[in-house]
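Here's a quick briefing on how the aromatic rings pair up in this one. Have a look at the model first.

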Amino acid sequence: MKKILFIACYFLVNTAIAQNFTGGFTPYPNTIPVNQNNKSISLPFGGGFDVPQFSACDLDFDGKKDIVIFDREGSKISCYLNKGMTGQIAYEYAPQYAAKFPKKLMDWMLLVDYNGDGKEDIFTAIPGGVKIYKNTSTALNGISFSLVNGDVQADFGSFITRLYSSPADIPAILDADDDGDIDILSMELGIDTAGDGVYMYKNMSMETYGVKDSVNNFIVHKRCWGRFRESFQNCNVSLQYQSGPCATGNRYIPEFTKSEFENLVQEKLTGGKHSGSTLLVFDSNGDGKNDILIGDIGCNNMYLLVNSESNINPIFSTFYRYYPIIDPILVENFPSAFFIDVNNDNKRDLIAAPNTTGNADNFENCKLYLNTGTDAAPDFVLSTNAFLEEEMIEVGEGSHPVFVDFDQNGLMDFVVSTTGYFQTNGTYKSGLTAYKNVGSLTSPAFELVSRDQWSLSNLNISNMAPTFGDVDLDGDLDMITGAIDGYFYFFENTAGANNPFQFIFKSNYLTGLDVGNLSTPFLNNSLSPNSRLAMISGERFDNINYWQDTSNTAEPKFKLMTDSLFKINMRAVSGFPSGRTKAVIQKLFNSDQERLIVSNANGKVYIFNHIDKLMMSVKPALIDSIDLMQGQYTLSNGGFGITMADIDGDNKPELLAGNPQGGLVLFKNQIVADGIQTASNPFYQISCYPNPTQQILHVKSNNYRIINSIAIFNMMGKCLLEQNVGKNNTTINLIDLANGVYTLRVNTEEGIFYQKISKQ
């Protein structure tokens, strides 16, 4: 009937959620049992690590030194509270403390008390140098740090310039000459082709001020501290070196200018002579003299040099190629070592780990040597090859978890992909590690069942990112996985409905689908216009891609609808490139609407307003972000994979996050449904008429609220018309639009509203 043209249509109000939650996501209590290799592990969701550097610091002011780990991979801080008694190793993952550390630390970080107040301060890298943060923590206010020297300078005798430390190295930071203040030892820039020595940057605080609390007065005291030279060709040293600067114990006087030195620094930062060394200085034999333990890039051993003279004028005269003598440190490529007490017996122990992110051990790679001697005269005995790691879910590096009931018993299991487990021949073994839920619907418990589930490592697909769904409509869940190459790989489930998964790889499926790098598919029917599943995927860069399955056979035929779903660009949202965006579609509680939830390279997860499949090219409102990784930022190892599912029967999905270090962190959903307030109001009416229309469309706010703007989109989401309004009504002329169905967006003071309109 014609009069339908003049009947006002009323919007179904589906506006943006308010910008706050009651509750949120918090680290899940350490109450979920996880069994690994027939052992219950104590830190299952402890975050993992790949290239860890260990320091001790009392984080909770209980009088016991806790462990702080800085991971060169992704520049991640991890904190573990010491819960052990005397002689006991017991730690609790405490991610809340990581947020208290300065942001964007890089390359290396050591905690050393430079001012003698009993609180460890931060020494860390800048390009070619060192910066220092003072520990300003109090029991009342908690952990805090303040920058005291952002670019440590050193007096070279004829000029003053940056105190040099290679970002590839780990320097030694201690009172090297027993005068009471903290000095810095680092590898030099390379004197000649014979190799490298160690600079001693002497702290002149005691000499100048009579106190130890200054870090602004360093001199280059010795250019060849200890009179030894590292070989430039192999894992060896030359002791009591007799030529050049190494032949004298006097203060070093440079033979080059300040500009020449700074040019050498720049050369080194861009691939100059010295490639990398790690230094640990301690008294290895109880004679009161500082010895040095050195790890070199390209070497798997650490060698010990023993001091035969004094700490004021050290000369190393004994060389042990392997240390300790029994069960020596052997870490594939560039080891480092750390000296802290881990078992509360007041004797510092030795921890060795790799210091490089490439071509090195990334699984069970942290050797702990317990000190069975004294703190002054240590005797190290190998305790484990996987200190702390053996208590965690750890898959090497680049973890990407996905919840799925793979044994079809009604309980949610999960699988974890990996960049790869490093192999002794220098290759990486990629695939899926699987954990079966052996608990109940309300009390989950997980058990490791395979580190190569379904034998997928045989296919050599690196950085897998799986998703599961009934793609071929035969009643069971198939698998599509992304990969580092940006392609997609299809695995047909041949087990049948309600049976444990069995997969066959269909190599001829999904050909031509490519997002460039690091594809992260997610299957869902929310955006699908038919009975088939739609697929979205993040990528190495910033957008989310969207495909519809147009097939009418068992083989999927995904057609790309847009490479910029909802116009979301994660760089614009977060200020960081995406690294590897992972997007999921999920309700936050049972009565909620489905929302787009996206992880990003800055360690945050972004929650967007609920989605509308008719508006796939219109950006939904961002309603919240969750800082899962305490400001960690990385573009490496596939970023931060996320997956969500209700595993404890509270009708709210938990969030499981992977990271570049190969571990997992589980977050409990604490959101209270009543705390999410929408702008929906049954008495709030927006009317538009006539609809359908031939040309003119009137839009009116019935309660006189201001309409900010309106826009019209076609069914592909392209904006065809947009105009500002600034009053409670407007008129739109559709003369330039072809006949058809469109979507009208009305942006008002109370929210954003959508409605289908038709032009005839």
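This is a predicted model: local features need pLDDT of at least 70, side-chain atom pairs count only at pLDDT 80 or more; totals for chains, interfaces and linings use all residues.

Residues are numbered from 1 along each chain as its sequence is written, and side-chain values use heavy atoms, with hydrogens and water left out.

**Ring pairs**
- The structure holds 34 aromatic pairs (rings of Phe, Tyr and Trp, the last by its six-membered ring, with centres within 6.5 Å; planes under 30 degrees apart are stacked, over 60 edge-to-face, the rest tilted).
- Phe-339 and Phe-380 make an edge-to-face pair, with ring centres 6.2 Å apart and planes at 85°.
- Phe-339 is buried at 13% relative accessibility, and Phe-380 is buried at 7% (buried means under 20% relative accessible area, with a 1.4 Å probe and protein chains only).
- Phe-414 and Tyr-435 are stacked, their ring centres 5.1 Å apart and their planes at 20°.
- Phe-414 sits in strand β31 (residues 413-417) and Tyr-435 in strand β34 (residues 432-437), so this pair links distant parts of the chain, 21 residues apart.
- Phe-414 is buried at 0% relative accessibility, and Tyr-435 is buried at 0% too.

**Cluster and charge**
- Phe-406, Trp-454, Phe-468, Phe-501 and Phe-503 are linked into a cluster by ring pairs.
- Arg-540 has its charged end over the ring of Phe-541, 4.9 Å from the ring centre (the cut-offs are NZ of Lys or CZ of Arg within 6 Å of the centre and within 35 degrees of the ring normal).

Terms used: Buried means under 20% relative accessible area, exposed over 50%, partly exposed in between (1.4 Å probe, protein chains only). Helices (H or I, at least four residues) and strands (E, at least two) are DSSP runs, numbered from the N terminus.
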